[in-house]
Amino acid sequence: MGIRSFFAKPFAHWVVNKYRMTRSEAIEKQHFWLKSNVEKAKSTLFGKAYGLDKIQNYLDFKVKVPIFEYEDIKPYIEEAVAGKKDILWPGKPAYFAKTSGTTSGAKYIPISSESMPFHILGARDALLHYVHHSGNASFLDQKLIFLSGSPELALKNGVPTGRLSGIVNHHVPSYLRTNQLPSYATNCMEDWEEKLAAIVRETMDQRMGLISGIPPWVQMYFDRLEAQSGKKIGELFPDFQVFVTGGVNFEPYRDKLMQSIGRKVDVIETYPASEGFIAFQDSTGEEGLLLLVDAGIFYEFVPTDTYFSASPTRLCLSEVELGVNYALLMTTNAGLWSYSIGDTVKFVSLDPFRVVVTGRIKHFISAFGEHVIAEEVELAVKEAMEACPETKIVEFTVAPNITPKDGLMPHHEWLMEFDSAPKDMELFQKTLDASMQRQNIYYQDLITGNILQPLRIQSLAKDSFIQYMKSKGKLGGQNKVPRLSNDRILAEGLLGLKTE
């Protein structure tokens, strides 16, 4: 037993007990952070504009502070990026996390000196919960790899700016630095394919204990390793025990990743965001991720069926219900206020508060009023793969086809890249459609009413999604392919690559 694993177990026991105490005070902790954040920011430019000094409780807060999306709060962020102080939070931000979607431009999310530690503690405590519940800490004595963005940071009027994963890299505890991979020089490479080749060279002969990253980019890493070594990942890295993932729903990628590994490894799911570390898997025996209620963030929840209305319903943690789809709002100790991060969540437990991420509030298909969401399509894929167990999917996305060129009726088009295609494509397609009709009554009504025909699958060539993301300058790192689109931009981009 190494020194890291030796000390990790008693420390993990202490941390888990601390979280258990917090669970019983979840509502009180949430109102503490609302009061604390409001009090601290009342003299800022934003605070004066929205009367934060007049807020005494959550009802006051809802009256004074509207829901903000990025474009709404962007004028304030631009002031902060320009180097001005006391805009959204006292002083200047410690960092700007630069983010971008597949179809949107760059966004700058402020991180304060008060919020930064919670990004680190969330990741640390996810690992410590695993150590405590599994009794396994030996992976900490092996090499650890974090597939992330470059840690090289630019300056925006004196404020370090870069990808969140690159910023976090500067705060990795010193006791993990000596066994962290890849090297700093490799991590700073901007070209993902060159960087991946360098990571493969650096790790091929190492004793890897933990691998962390977004599933599609980890799969690329595994594919390269397997191609060069001729071995499954579990054979190449006999000490590999723990896979840490976050950023996307893991289930659609699970089978192919586990096939590449060739044996069982433990999986820890996390829910990090540039706006704050939101949740992590605290138990292997329970569904969902533990919401971090004492991490500088006050959460609000908007039922998705009211989000786009003139008066969206806003609820605090004490008001949520099981099984309801909510848009997630965050008020943070970095100066974001009732900020919609774009994700939708559903509570699967209220004691403690555990959530699953169900999709994106603006990533849906409702070309005909069906409002299909990511949770539905991902469950449909899971059921279709169970019906055709030989199927392995690399990636997929779904878009409406309102005016098909071949004269067919409108339908949902599923663009899928298979590593192993179903032997019975008709069965696979029918299982997908049956699942969608069972889950979404609006979709079912459109099918039975002959407004839509059943979904159709478009098989894509190998590496189509990689080539598309590369063409957009979004290959690797924290970039993700939207699961759903309400337009044809992504679909036509992928189909254009297919015919080249």
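Biologist: Which residues does E275 touch, not counting those up to four places away in sequence?
Modeller: This is a predicted model. E275 sits in the loop between β9 (266–273) and β10 (276–280). Leaving out residues up to four places away in sequence, E275 touches I109, H119, M330, T332, L336, Y339 and I341.

Biologist: E275 has no salt bridge; which side chain of opposite charge is nearest?
Modeller: E275 is buried. A salt bridge needs nitrogen and oxygen within 4 Å. The nearest side chain of opposite charge is 6.9 Å away, and that residue is K107.

Biologist: How many salt bridges does a search of the whole structure find?
Modeller: The count covers pairs such as D282 with R23 and R360 with D343. D294 with K29 is another pair that forms a salt bridge. The search of the whole structure finds 26.

Biologist: How many residues apart in sequence are the parts that D282 and R23 tie together?
Modeller: The closest N and O atoms of D282 and R23 are 2.7 Å apart. D282 lies in the loop between β10 and β11 (289–291), and R23 in helix α1 (residues 3–23). The pair therefore ties together parts whose separation in sequence is 259 residues.

Biologist: Where does D294, the salt-bridge partner of K29, lie?
Modeller: The closest N and O atoms of D294 and K29 are 3.7 Å apart. D294 is partly exposed at 28% relative accessibility, and K29 is partly exposed at 23%. K29 lies in helix α2 (residues 26–41), so the pair ties together parts 265 residues apart in sequence. D294 itself lies in the loop between β11 and β12 (297–303).

Biologist: Which strands does the salt bridge between R360 and D343 tie together?
Modeller: The side chains meet at 2.6 Å, N to O. R360 is partly exposed at 34% relative accessible area, whereas D343 is buried at 11%. The two residues are in strands, so the pair ties together β15 and β14 (residues 339–350).

Biologist: Which are the edge strands of the open sheet of 11 strands?
Modeller: The pairing in this sheet is mixed. The order is β6-β3-β7-β8-β9-β10-β11-β15-β14-β13-β12. Each edge strand pairs on one side only: these are β6 (180–181) and β12.

Biologist: What angle does the direction of α2 make with that of β12?
Modeller: α2 packs on the sheet. The helix touches β12, β13 (325–332) and β15. With the direction of β12, that of α2 makes about 105°.

Biologist: Which residue in β7 is the bridge partner of L144?
Modeller: Strand β3 (residues 143–146) pairs with strand β7 (residues 208–212) in the parallel sense. That pairing runs over 4 bridges. In β7, the partner of L144 is L210.

Biologist: In the open sheet of 3 strands, why is one side of β16 and of β18 left without a neighbour?
Modeller: The order is β16-β17-β18, with mixed pairing. β16 (392–401) and β18 (456–459) stand at the edges, so each has a single partner strand.

Biologist: What is the average twist from one strand to the next in the sheet of β16, β17 and β18?
Modeller: β17 (residues 411–420) pairs with β18 in the parallel sense over 4 bridges. M416 stands opposite S459 in β18. From one strand to the next, the twist averages 25°.

Biologist: Which elements do the buried residues of α14 pack against?
Modeller: Helix α14 (residues 374–387) reaches 20 Å from its first C-alpha to its last, close to the 20 Å expected. Its buried residues are A374, E376, V377, E378, A380, V381, A384 and M385. They pack against α13 (251–261), β15 (353–360), β16, β17 and α15 (425–439).

Biologist: Which residue follows α11?
Modeller: Helix α11 (residues 215–229) has 15 residues and reaches 21 Å, close to the 21 Å expected. Its buried residues include W217, F222 and L225. The residue that follows has a positive phi, near 75°, and is G230.

Technical notes: Residues are numbered from 1 along each chain as its sequence is written. This is a predicted model: local features need pLDDT of at least 70, side-chain atom pairs count only at pLDDT 80 or more; totals for chains, interfaces and linings use all residues. Side-chain values use heavy atoms; hydrogens and water are left out. Buried means under 20% relative accessible area, exposed over 50%, partly exposed in between (1.4 Å probe, protein chains only). Lys and Arg count as positive and Asp and Glu as negative; His and the chain ends are not counted. Contact means heavy atoms within 4.5 Å. Two strands pair if DSSP finds at least two bridges between them. Axes are lines fitted to C-alpha atoms, for helices over the stretch in contact, and angles run from 0 to 180 degrees between N-to-C directions. The expected span of a helix is 1.5 Å times one less than its number of residues.
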